[in-house]
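Please read the following report alongside the sequence and the model.

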Amino acid sequence: MFFLRFGFAIASLLLSATVSAQVTDNKIQTTTDKLTLRDAIAATLTHNPQLGSFSLRRDAAAGELQTAGLKPGLRLSTELENIGGTGELKDSQSAELTLALSSVIELGNKREARMGVATERQQQLTTQQEIAELDLLAETTRRFIEVAEAQEQVNLQQSTLVLATETANAIKRRIDIGNTPDAELARAKANQARTAIVLQRALASFETAKIKLAALWGETTPAFAAVSADLLNPGNMRPLNDLLAGLEENPDIQLFASESRLRDAELRLALSRRKADLEWSAGVRHLQESKDSALVMGVSVPLFNNNRAIGEVASARANQQITERERDAALLNLRAQLAGLYREREAALFEMASLRNEVIPQLKKAASGTRAAFDKGRYGYLELSAAQRELLEAEAALISAAANSHQLRAEIERLSGNATSTRRLPLNSEIKP
């Protein structure tokens with residue numbers, strides 16, 4: 001299949017099957033196998049019904065080519081003259097019976113031109129199938145990333161609930177020794193309940209994302225429990241200029257090239273019809289009156305046939321020029337989209353790097369210092385809660401930025417048709433507060 005040579009290079013998400021996960025008691029527990037992007041793509045391209053029609057369309061195109069290659073057939077005709085008249089022709093004594101074969105001699109290479117049109121339509125169908133596979137591959141990748149993002153959000157909210165529970169327990173211990181008012185425990189318990197609600201929402205989003213992914217290969221209940229993905233590894237991409245230079249190989253642009261070849265073939269067919277065909281006939285005529293037989297032959301040539309093909313030729317030439325203009329417009333639009341997405345991905349990578357290398361380390365340091373001060377009784381729950389919330393929000397933002405960078409990469413590779421090799425990377429993207 002097309003994806004085997006295309007490879008769709010979300011390399012950081014293509015991982016070997018290692019361990020899997022199940023959602024049990026609001027937690028993702030490891031068991032045996034995880035779903036990889038490679039497996040998801042293979043399942044989609046194997047079982048998605050959208051691709052099933054192409055085999056039937058190929059059969060139809062083969063039939064069209066077979067019909068286009070047929071030569072003009074023979075026609076058998078009979079003609080009975082001079083029967084049932086008046087006078088000497090009253091009876092059948094003067095009857096003449098003619099038995100003849102006739103056919104058409106095609107001039108101007110019409111048969112080859114018809115076959116050329118049918119052949120180009122077959123080639124166009126191949127390109128259309130590549131585009132359909134590419135679209136499905138891109139959609140599978142997008143949904144896979146959504147599952148990976150939802151999975152990481154579940155992990156984060158799971159750890160957040162553990163942290164909220166530990167904080168509530170610590171406040172209760174402080175209340176027991178008389179160092180903290182009861183109101184702080186109430187706030188901590190309320191925060192713990194809200195965190196449990198957020199976790200439930202994250203789990204629901206995770207299950208929904210899995211259902212949407214599995215639907216691409218016809219499953220209503222996902223057979224996988226989790227995915228194997230490294231969201232925090234954005235991978236490398238070719239320079240923008242290289243991607244722009246390779247847009248000519250994009251299957252969407254290749255479809256215009258295939259369409260242009262089809263228009264050329266249609267123009268050749270229209271030009272061939274300017275040359276009139278010859279119709280011949282040959283047979284035997286029997287004359288009842290003399291009991292004799294004779295050969296008869298005839299040739300028919302249409303007149304002024306060249307003028308009758310002018311409109312068809314003009315239409316074919318106009319369609320040819322329309323295809324060229326549409327191709328140029330599509331290529332220009334692809335260049336603009338690709339450049340814009342590339343810049344957006346650079347911004348997403350900058351956001352990832354800033355959160356990962358600057359914001360989160362500082363917030364971790366602040367949260368750690370606030371917790372130490374809280375344990376010593378110098379800070380209350382509000383200060384601790386604010387520090388923890390800022391850290392958790394930054395870590396959630398990091399997950400979203402990482403997922404966004406992968407989504408943008410998927411879109412870039414869909415537009416560029418960039419064929420790159422897949423790699424296997426370890427899973428090391430778990431984020432803990």
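The model is predicted, and local features need pLDDT of at least 70, side-chain atom pairs count only at pLDDT 80 or more, while totals for chains, interfaces and linings use all residues. Residues are numbered from 1 along each chain as its sequence is written, and side-chain values use heavy atoms, with hydrogens and water left out.

## The chain

The secondary structure of the protein chain comes to 10 helices and 6 strands, where helices (H or I, at least four residues) and strands (E, at least two) are DSSP runs numbered from the N terminus. Of the 433 residues of the chain, 42% count as buried; buried stands for under 20% relative accessible area, exposed for over 50%, and partly exposed for what lies in between, with a 1.4 Å probe and protein chains only. Among contacts (heavy atoms within 4.5 Å) between residues at least 6 apart in sequence, 81% join residues at least 24 apart.

## Nonpolar cores

A nonpolar core is here a set of buried Ala, Val, Leu, Ile, Met, Phe, Trp, Tyr and Cys residues joined through side-chain atoms within 4.5 Å. The largest such core has 51 residues, of which Leu35, Phe144, Leu213, Trp217, Phe224 and Val227 touch the most other members. Two or more residues each come from helices H2 (37-47), H3 (53-68), H4 (110-176), H5 (182-215), H9 (310-375) and H10 (381-416), and H4 gives the most, with 12 residues. Leaving aside residues up to four places away in sequence, Phe224 touches Leu35, Val147, Lys210, Leu213, Ala214 and Trp217. A second, separate core of 16 residues includes Leu247, Leu341, Ala348 and Ile412.

H3 has 16 residues and reaches 23 Å from its first C-alpha to its last, close to the 22 Å expected at 1.5 Å a residue, the expected span being 1.5 Å times one less than the number of residues. Its buried residues are Phe54, Ala61 and Ala68. Seen down the axis of H3, these buried residues fall within an arc of 35°, so they line one face of the helix; the arc is that of the directions from the helix axis to the C-beta atoms. On the other side of H3, Leu56, Asp59, Gln66 and Thr67 are exposed.

What covers the buried residues of H3 includes H4. Two packed helices are described by the angle between their axes and the distance between the axes. For H3 and H4 the angle is about 170° and the axes are 8 Å apart, with axes taken as lines fitted to C-alpha atoms, for helices over the stretch in contact, and angles running from 0 to 180 degrees between N-to-C directions. The two helices are therefore roughly antiparallel to each other, in a scheme where angles under 35 degrees count as roughly parallel, over 145 as roughly antiparallel, 65 to 115 as roughly perpendicular and the rest as oblique. Among the H3 residues that meet H4 are Phe54, Arg57, Arg58, Ala61, Leu65 and Ala68, and their counterparts in H4 include Arg111, Met115, Ala118, Gln122, Leu125 and Ala132.

## Helix H10

H10 has 36 residues and reaches 52 Å from its first C-alpha to its last, close to the 52 Å expected at 1.5 Å a residue. This helix is mostly covered, as 26 of its 36 residues are buried.

## Single residues

| Pair | Along the chain | C-alpha to C-alpha |
|---|---|---|
| Ile105 and Gly73 | 32 residues | 9.9 Å |
| Thr140 and Leu216 | 76 residues | 7.2 Å |
| Lys275 and Asn109 | 166 residues | 9.3 Å |
| Glu344 and Leu408 | 64 residues | 7.4 Å |

Thr140, found in helix H4, is buried, with a relative accessible area of 0%. Not counting residues up to four places away in sequence, Thr140 touches Leu37, Ala40, Ile41, Thr44, Leu213 and Leu216.

Ile105 lies in strand S4 (residues 96-105) and, at 40% relative accessibility, counts as partly exposed. With residues up to four places away again set aside, Ile105 touches Asp277, Leu278 and Trp280.

Lys275 is found in the loop between helix H7 (251-272) and strand S5 (278-287), and its 47% relative accessibility makes Lys275 partly exposed. Glu344 lies in helix H9 and, at 46% relative accessibility, counts as partly exposed.
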